[in-house]
Amino acid sequence: MTAGDDIEDIEIQLFLEALHRRYHYDFRHYAQASIKRRLVQARVQLGYTSLSAIQEAVLHDESVLPRLLNYLTVQVSEMFRDPSYFRALRQRVLPHLATYPSLKVWVAGCSRGEELYSLAILFREEGLYDRTLFYATDINPDALDAAEKAVYPLDQIRGYTANHQKSGARTSLSDYYRAAHGGVIFDKTLRERVVFSDHSLVTDSSFGEMQLISCRNVLIYFDRELQDRVVALFRDSLARKGFLGLGSKESLRFTRHAASFSPFVPEEKIYQRAQG
């Protein structure tokens, strides 16, 4: 490790501690390689000479924080991403959920809403939307605002449509959006049963009695200690025999709380909370 690397690593540690103490955003247990890469990208694109300069700016100017959060939180997604995951939900999970008179679904780390609306459409196609309350949470206020607006670039719709069809769609995706603002806006009825909320998986408490939690491609950015904390949060938030869906590169296998879940559709990283 070079002296320059030493200084940059020290700057990162000091910056993350300062961000936590000043604004209560806690990135201290995010995977270091990932957080370092994103901070360096922020430094370059926001025009700062060093990570220490970013720290000074964010401590003294609150307007810097939203721009910085857009680098520190991952906002890359698409509708019906990994269509086989949604097909497994449709074919394997929703038949179980259909036996409940009411349902709660938590989309944790909802980003700009692509996964939320994918699930809302899926539940509508399977006749479960009207009995479901969706909780969409993220720590990034800009992302939550974008999710609530539900406006997406027109050039992404072709990919979204292909994913939707591969998920076993019963309708056309075009039934749910209209052209607006140089893109497409999804129907407001998809938001009628959604609660948008600022929630941190790092510091905040659990939600209660969820039948399904979908948190995909979030755990990969956390270190092992934080992964354990978040999996415990999900365990405590799920109803007995509730379901947890993770991303394709994520697993519960090496977490401290793996015994609290059993694989349900292992190839799609869908788990069920164990009884008891």
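Q: Why is A259 called exposed?
A: A residue counts as buried under 20% relative accessible area, as exposed over 50%, and as partly exposed in between, with a 1.4 Å probe and protein chains only. A259 has a relative accessible area of 75%, and therefore A259 is exposed. The model is predicted, so that local features need pLDDT of at least 70 and side-chain atom pairs count only at pLDDT 80 or more, whereas totals for chains, interfaces and linings use all residues. Residues are numbered from 1 along each chain as its sequence is written, and side-chain values use heavy atoms, with hydrogens and water left out.

Q: Where is the place of A259, and how far apart in space are A259 and N217?
A: A259 sits in the loop between β8 and β9, where helices (H or I, at least four residues) and strands (E, at least two) are DSSP runs numbered from the N terminus. From C-alpha to C-alpha, A259 and N217 are 21 Å apart in space, and in sequence they are 42 residues apart.

Q: What makes D236 partly exposed?
A: The relative accessible area of D236 is 46%, and therefore D236 is partly exposed. D236 belongs to helix α9, residues 224-237, and, leaving aside residues up to four places away in sequence, D236 touches S206 and F207, a contact being heavy atoms within 4.5 Å. Between the C-alpha atoms of D236 and R43, which are 193 residues apart along the chain, the separation is 38 Å.

Q: Is L46 buried, exposed or partly exposed, and why?
A: With a relative accessible area of 22%, L46 is partly exposed. L46 lies in helix α2, residues 32-46, and touches R67 and Y71 when residues up to four places away in sequence are not counted.

Q: Why is α3 called oblique to α4?
A: The axes of helix α3 (residues 51-60) and helix α4 (residues 64-72) come within 8 Å and cross at roughly 135°, and that makes α3 oblique to α4. Axes here are lines fitted to C-alpha atoms, for helices over the stretch in contact, and angles run from 0 to 180 degrees between N-to-C directions; those under 35 degrees count as roughly parallel, over 145 as roughly antiparallel, 65 to 115 as roughly perpendicular, and the rest as oblique.

Q: Which residues make the contact of α3 with α4, and how are they divided by class?
A: I54, A57 and V58 of α3 meet V64, L65 and L68 of α4. The contact has 6 nonpolar, no polar and no charged residues, where Ala, Val, Leu, Ile, Met, Phe, Trp, Tyr, Cys and Pro count as nonpolar, Asp, Glu, Lys and Arg as charged, and the others, Gly among them, as polar.

Q: Why is the pair of Y152 and F186 called edge-to-face?
A: A search of the whole structure finds 14 aromatic pairs, and in one of these the rings of Y152 and F186 have their centres 5.9 Å apart and their planes at 70°, so the pair is edge-to-face. Rings of Phe, Tyr and Trp (its six-membered ring) pair if their centres lie within 6.5 Å, and planes under 30 degrees apart count as stacked, over 60 as edge-to-face and the rest as tilted. Y152 is in strand β3 and F186 in strand β5, 34 residues apart, so the pair links distant parts of the chain.

Q: How do you know whether Y152 and F186 are buried or exposed?
A: Y152 has a relative accessible area of 4% and is therefore buried, and F186, with a relative accessible area of 1%, is buried as well. Both residues belong to one aromatic cluster that is formed by Y117, Y152, Y160, Y177 and F186.

Q: What makes β3 and β4 edge strands?
A: Three strands form an open, antiparallel sheet in the order β3-β5-β4, and β3 (151-153) and β4 (177-180) each pair on one side only. Two strands pair if DSSP finds at least two bridges between them; β4 is joined to β5 (residues 183-186) by 4 bridges, and F186 in β5 is the bridge partner of Y177.

Q: Why do β6 and β9 stand at the edges?
A: A sheet of 7 strands is open and of mixed pairing, in the order β6-β2-β1-β7-β8-β10-β9. Each of β6 (194-198) and β9 (261-265) has a single partner strand, so one side of each is left without a neighbour in the sheet. β9 runs antiparallel to β10 (residues 270-273), to which 4 bridges join it, and P263 stands opposite Y271 in β10.
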